[in-house]
Amino acid sequence: SLISEFAMETEMQKQVSPRAGSLAFLWAAYKPEYWYFEIVETSRRMTLTAVLSVIAPGTSLQLVVAFIVAILYVKVYDRVSPYAEVFDNTTANMGMSQIAATFFASLVVSEALLSSDYELLVDICLIAVNISVALASLVFTVKECQEDIGNFSEVDASTDVGGVELDDEDMSHEKIRRMSQ
C-alpha cells in the first residue's frame, strides 16, 4: 500500500547512513537484494534511446535490434522481478512489453509485411496496447488506495487520544499517523 511503502522507505532511510538515505529514491523501490537495479534500468533506457539512435538509423536493422533488446529486457525483468511491490513488477513488465510490441509493429509497417488491408488493424492493436498499460496502472493504483482505506477502517472509530474523543477529520489524521508508524 502507498502508506506502508512510504513508512517502509522512511524506516530504511533511518537504518542507513544519512548520505545513503538521501539517495534512497534510487533503490527504495527494489527488493534489498536488487538495490543496484536502477543501474540496469538506466542501461535499458540508454540502450533503447541513445545506442539505438546510432545503429543504422531509419533502417529495418535498427527496428530489429530495438525489438531484440526490448525483448531481452522484458525477459530479465520478468525473471528477476526486482521491485518490492508486485504492482511495480507487473507495471514494468507491461510497459516493456508495450515497447517491444511497438518496435515489432513499426517493423511490420515499415517493411510492409502485411497488406495495406491490415494497417488499420495494426494501428488499433498499437493503440489498445498503449492504452492497456495506462489503464492497468490506474486499476492497480485504485486497488492500492482501496487497500489503504481498508487499513484505515481497522482503527476503531471510538478511539480516543489522551482521553479526548476524536471527530471524523481528527480520526482521519490519527489513522494516517498510526498507519505510518
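Let me begin with the basis of what you see. This is a predicted model, in which local features need pLDDT of at least 70 and side-chain atom pairs count only at pLDDT 80 or more, while totals for chains, interfaces and linings use all residues. Residues are numbered from 1 along each chain as its sequence is written, and side-chain values use heavy atoms, with hydrogens and water left out.

First, the overall picture. The secondary structure of the protein chain amounts to eight helices and two strands. Helices (H or I, at least four residues) and strands (E, at least two) are DSSP runs, numbered from the N terminus. In sequence order, the pattern of the protein chain reads α-α-α-α-α-α-α-β-β-α.

The protein chain has 181 residues, of which 28% count as buried. Buried means under 20% relative accessible area, exposed means over 50%, and partly exposed lies in between, with a 1.4 Å probe and protein chains only. Accessible areas come from the Shrake-Rupley method with a 1.4 Å probe; for residues, only the protein chains shown count as cover. Of the contacts in the protein chain between residues at least 6 apart in sequence, 58% join residues at least 24 apart; contact means heavy atoms within 4.5 Å.

I turn now to helices α4 and α5. Helix α4 covers residues 37–53 and helix α5 covers residues 60–80; their axes come within 10 Å and cross at roughly 170 degrees. That crossing makes α4 roughly antiparallel to α5. Axes here are lines fitted to C-alpha atoms, for helices over the stretch in contact, and angles run from 0 to 180 degrees between N-to-C directions. Angles under 35 degrees count as roughly parallel, over 145 as roughly antiparallel, 65 to 115 as roughly perpendicular, and the rest as oblique. Residues of α4 that meet α5 include Phe37, Val40, Glu41, Arg44 and Leu48. On the α5 side, the residues include Val65, Val69, Tyr73 and Tyr77.

Glycine 58 and serine 110 are 52 residues apart in sequence, yet 9.6 Å apart in space, C-alpha to C-alpha.

Next, the charged residues. How many salt bridges does a search of the whole structure find? The search finds three, a salt bridge being a side-chain nitrogen of Lys or Arg within 4 Å of a carboxyl oxygen of Asp or Glu. One joins glutamate 38 to arginine 45, with the closest N and O atoms 3.0 Å apart. Another pairs glutamate 41 with arginine 44 at 2.7 Å, N to O. These two residues of helix α4, glutamate 41 and arginine 44, are three residues apart, so about one helical turn separates them. Both glutamate 41 and arginine 44 are buried. Arginine 45 also meets glutamate 41 in a salt bridge, at 3.1 Å, N to O. Through shared partners, the salt bridges join Glu38, Glu41, Arg44 and Arg45 into one network. Within it, arginine 45 is partly exposed, at a relative accessible area of 40%, whereas glutamate 41 is buried, at 9%.

Helix α6, residues 86–110, contains leucine 107. Is leucine 107 buried or exposed? Its relative accessibility is 14%, so leucine 107 counts as buried. Leaving aside neighbours within four places in sequence, leucine 107 is in contact with Ser60, Leu63, Val64 and Leu113. Phenylalanine 104 also lies in helix α6 and, at 43% relative accessibility, counts as partly exposed. Phenylalanine 104 and phenylalanine 67 are 37 residues apart in sequence and 6.1 Å apart in space, C-alpha to C-alpha.

Finally, the surface. Ile127, Ile131, Leu135, Leu138 and Val142 form a nonpolar patch there, with about 460 Å² of accessible area together. Patches are made of residues with over 30% relative accessible area and no salt bridge; like charges are joined within 9 Å, and nonpolar side chains (Val, Leu, Ile, Met, Phe, Trp, Tyr) within 5 Å. Valine 142, in helix α7 (residues 119–153), counts as partly exposed at 41% relative accessibility.
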